[in-house]
Amino acid sequence: MDNDKRFVTGLDVGTENIRAVIATVNKSGEISIVGYNEGKSAGMRKGIPANLTGPAEAIDRTLGDAERMGGYDVRSAFVSINGSTVISTHTEGMIAVGAVEHEIDLEDLDRVEDVAVTGRIPANRDVLDVIPLEYALDGQGGIKDPLGMSGARLEMRACVISALTPNCENLKKATATADVEAKRLIPSVVAAAKAVLTERQKENGVAVIDFGATTTSVAVYEEGDLQYVGVVPAGSNNITNDLAIVLAISPDLAEEVKTRFVTGNFDTEKSLTIKVGKEGKERAFNRKEVEEVVKARLDEIFTEVRKKLKSAKYDQRLPEGIILTGGGAKMRDIDLFAKKVLEAAVTIGVPKGLGGVAESIEKPEFATAVGLAMFAAESADLSPITSKKSKKTAKKSSNANPFNFIKKIFNKF
Ligand SMILES: Nc1ncnc2c1ncn2[C@@H]1O[C@H](COP(=O)(O)OP(=O)(O)OP(=O)(O)O)[C@@H](O)[C@H]1O
Ligand SMILES: [Mg+2]
């Protein structure tokens with residue numbers, strides 16, 4: 001093992017699927033994917049743990065194969081958080097910094113951030129991130145980095161990302177039960193954006209939609225910064241459930257109908273019937289009926305997404321359009337459908353440009369896990385290399401309290 005390299009882990013804890021990505025990062029920050037895996041999730045409801053053992057066992061199982069593939073023992077990870085309690089809030093803060101000739105230092109930045117956050121975010125929420133959007137010095141705005149500049153009054157405009165504290169705590173407990181410390185919790189769509197967006201897109205204005213099984217999350221970027229996060233509590237599983245009810249079939253069969261035969265293009269001529277099931281036990285369905293069910297639910301989900309964009313004042317105001325990620329984005333021609341409802345350019349986002357075995361996970365459903373690993377790689381606090389052999393003893397002798405987390409994490413995404 002090259003000692004100049006560290007390894008990091010991204011863990012996407014979804015309602016339907018868990019995805020793990022292990023990557024090495026060298027001194028120059030180059031990331032190489034060395035292990036990954038995807039497994040069925042359990043015990044999660046709409047992106048939030050409903051119990052601890054379900055997700056813990058699923059994490060343990062999924063991570064195990066990724067660890068074996070990469071030859072690493074994972075004891076900490078950057079973990080995704082989801083659910084409709086994940087929101088962004090725009091806040092402002094102002095402090096007096098002394099005489100006019102005073103040069104703004106890191107302490108001033110911490111202080112103004114504290115003022116912008118304290119009392120603005122309800123006590124039952126964990127602050128996941130504070131993104132400084134703009135500073136003003138003595139009333140003059142438009143300053144991105146005031147460090148070293150002179151002034152007597154410092155103001156800050158920020159975007160604060162938060163989630164309900166019990167949801168954060170339970171997610172950390174679930175990962176800790178699987179012997180993995182959640183170093184940071186990052187909204188799944190923010191992590192996906194990290195993996196699929198370019199700096200230019202973020203600068204010009206772009207939205208990412210993580211179309212998952214039970215949630216559809218939205219993140220908007222402009223002027224290089226994260227400006228908005230919102231989660232619609234419905235996803236691609238709702239389509240499956242609707243099909244199961246309307247066609248009076250099992251969810252497994254409904255999933256087969258959806259993933260094999262449904263596309264997001266409802267305007268083309270197709271065969272009139274859909275046949276699924278094992279030979280001899282085949283079932284046939286009227287395609288028109290199937291498409292009506294799917295279209296109605298897709299319409300509802302993307303209309304809700306559009307409402308979120310409207311509420312954030314970004315509807316039809318994104319020059320770089322909208323990027324779709326998540327398992328739901330695997331539906332053929334879903335971009336065509338989303339384009340119609342959102343009235344914007346829509347493309348499917350896949351993580352690209354990383355080394356190692358990255359090619360195998362260049363898929364929209366892996367965007368979040370890859371993005372989490374990329375955030376982890378950027379972080380100064382990288383997991384130390386531990387050889388596979390020392391795994392059990394190291395785990396047993398660890399005194400680290402997995403619940404001893406810093407409540408407010410102010411690092412920039
Ligand atoms: N080829 C396909 N066509 C349509 N839908 C698909 C396809 N492949 C997967 N899906 C759907 O993607 C969904 C799973 O997506 P994903 O793994 O991103 O969800 P998740 O992260 O577990 O859920 P959540 O983010 O809501 O907690 C399922 O509803 C599944 O049916
Ligand atoms: Mg997800």
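A residue is called buried here when its relative accessible area is under 20%, exposed when that area is over 50%, and partly exposed in between, with a 1.4 Å probe run over protein chains only. By this rule K258, at 7% relative accessibility, counts as buried. The model is a predicted one, in which local features need pLDDT of at least 70, side-chain atom pairs count only at pLDDT 80 or more, and totals for chains, interfaces and linings use all residues. Residues are numbered from 1 along each chain as its sequence is written, chains are lettered from A and ligands numbered from 1 in the order in which they are written, and side-chain values rest on heavy atoms, with hydrogens and water left out.

K258 belongs to helix α7, where helices (H or I, at least four residues) and strands (E, at least two) are DSSP runs numbered from the N terminus. The side chain of K258 is joined to that of T240 by a polar contact of 3.0 Å, a polar contact being a pair of N or O atoms within 3.5 Å, of which, within protein, one must be able to donate a hydrogen and the other to accept it, while residues adjacent in sequence count only if both atoms are side-chain atoms.

Pockets and cavities are found on a 1 Å grid over the protein atoms alone: a cavity is a set of points where a 1.4 Å probe fits but cannot get out, whereas a pocket is an open set with protein on both sides within 12 Å along at least five of seven lines, and lining residues have an atom within 4 Å of a point. The largest pocket has a volume of about 800 Å³, where grid points are joined across faces, edges and corners and the volume is the space filled by probe spheres set on the points. Its lining consists of 36 residues, and E16, N17, A213, G327 and G328 are those nearest the centre of the pocket. Two or more lining residues come from each of β1 (6-13), β2 (17-25), β3 (31-40), α6 (236-247) and α7 (251-261). By residue class the lining holds 5 nonpolar, 19 polar and 12 charged residues, with Ala, Val, Leu, Ile, Met, Phe, Trp, Tyr, Cys and Pro taken as nonpolar, Asp, Glu, Lys and Arg as charged, and the others, Gly among them, as polar. Because domain 1 (6-83 + 166-197 + 352-397) and domain 3 (230-348) both give residues to this lining, the largest pocket lies between them; the domain bounds come from an automatic or database domain assignment.

The strands named in the lining can be followed through their pairing, which requires that DSSP find at least two bridges between two strands. β1 and β2 pair in the antiparallel sense over 8 bridges and form a hairpin with 3 residues between them. β2 is joined in turn to β3 by 9 bridges, again with the strands antiparallel, and in this second hairpin, which has 5 residues between the strands, G29 takes a positive phi near 85°. A20 of β2 is the bridge partner of L11, and A20 also stands opposite N37 in β3, while I22 has G35 in β3 as its bridge partner. Since 8 of the 9 residues of β2 are buried, that strand is largely enclosed by the rest of the structure.

T165 is located in helix α3 (residues 165-177) and, at 16% relative accessibility, counts as buried; a polar atom of its side chain lies 3.4 Å from the backbone nitrogen of R125. T273, in strand β15 (residues 273-276), is partly exposed with a relative accessible area of 44%, and its C-alpha is 8.3 Å from that of K288, a residue 15 positions apart from T273 in sequence. K46 lies in the loop between β4 (44-45) and β5 (48-49), where it has a positive phi near 50° although it is a residue other than glycine, and it is partly exposed at 31%. Q316, in the loop between α8 (287-311) and β17 (322-325), likewise has a positive phi, of about 55°, without being a glycine.
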